[in-house]
Amino acid sequence: QQHAYYESSKFALEGMTNNMRRSLKKEGKWACLIKAGNIITDMNRAAGEVPASVVAKDIEHAITSTKPRPRYYPGTVKGMPTRLVCFIFDMLPASFTDNL
């Protein structure tokens, strides 16, 4: 329960980004979401796996690309690529993923 507020804010950010991306598309503007894995930061020293420069690389791409991706998945979670972890959690039932 210690991460409830953090996780709630990230979930809300994803919904807001989805709405912005769809709403701004007709104006030729983009909104991207960076879904980072376990990044080494002051807040996440114990679980951090990769340096913040990994996230910076995706942020740079999102800012400089003429067609940035809707989502970027830098880093890893427990050694697995963040994109794979997100895919697993999206595809499997909550009754399974709640026990991971």
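Not counting residues up to four places away in sequence, which residues does Pro-68 touch?

Reply: Before the answer, a word on what we're looking at. This is a predicted model, where local features need pLDDT of at least 70 and side-chain atom pairs count only at pLDDT 80 or more, while totals for chains, interfaces and linings use all residues. Residues are numbered from 1 along each chain as its sequence is written, and side-chain values use heavy atoms, with hydrogens and water left out.

Now to your spot. Setting aside residues up to four places away in sequence, Pro-68 touches Trp-30, Cys-32 and Ala-62; contact here means heavy atoms within 4.5 Å. Pro-68 sits in the loop between helix H2 (52-64) and strand S2 (71-72). Helices are DSSP runs of H or I with at least four residues, strands are runs of E with at least two, and both are numbered from the N terminus. Pro-68 counts as buried because its relative accessibility is 6%. The classes go like this: buried is under 20% relative accessible area, exposed is over 50%, and partly exposed is in between, using a 1.4 Å probe and protein chains only. Ser-9 is 59 residues from Pro-68 in sequence and 23 Å from it in space, C-alpha to C-alpha.

One of those partners is a cysteine, so let's check the sulfurs. The whole structure has 0 disulfides, a disulfide being a pair of cysteine sulfur atoms within 2.5 Å. For Cys-32, the nearest cysteine sulfur is that of Cys-86, 15 Å away, and Cys-32 is in no disulfide. Cys-86 is likewise in no disulfide, with the sulfur of Cys-32 as its nearest, 15 Å away. As for accessibility, Cys-32 counts as partly exposed because its value is 25%, whereas Cys-86, at 17%, counts as buried.

Stepping back to the chain, there are 4 helices and 4 strands, running α-β-α-β-β-β-α-α from the N terminus on. The C-alpha atoms fill a box of roughly 40 × 30 × 25 Å along the principal axes. Of the 100 residues, 21% are buried. Among contacts between residues at least 6 apart in sequence, 48% join residues at least 24 apart.

Next, follow the chain to Thr-82, in helix H3. Thr-82 counts as buried, as its relative accessibility is 3%. A polar atom of its side chain lies 3.1 Å from the backbone oxygen of Pro-74, and a polar atom of the Thr-82 side chain lies 2.9 Å from the backbone oxygen of Gly-75. Beyond its neighbours within four places in sequence, the contacts of Thr-82 include Lys-35, Ala-36, Gly-37 and Tyr-73. Lys-78 is not a glycine, yet has a positive phi of about 50°. At 72% relative accessibility, Lys-78 counts as exposed.

Over in helix H1 (residues 4-24) you'll find Glu-14. Its side chain makes a polar contact with the side chain of Arg-71 at 3.2 Å. A polar contact is a pair of N or O atoms within 3.5 Å; within protein, one must be able to donate a hydrogen and the other to accept it, and residues adjacent in sequence count only if both atoms are side-chain atoms. Leaving aside neighbours within four places in sequence, Glu-14 is in contact with Leu-33, Lys-35 and Arg-71.

Last stop, the largest pocket. On a 1 Å grid over the protein atoms alone, a pocket is an open set of points where a 1.4 Å probe fits, with protein on both sides within 12 Å along at least five of seven lines, and lining residues have an atom within 4 Å of a point. The largest pocket has 36 lining residues, with Tyr-6, Glu-7, Lys-10, Ala-36 and Val-77 nearest its centre. H1 gives the largest share of that lining, 9 residues. H1, strand S1 (33-34) and helix H3 (82-91) each supply at least two residues.
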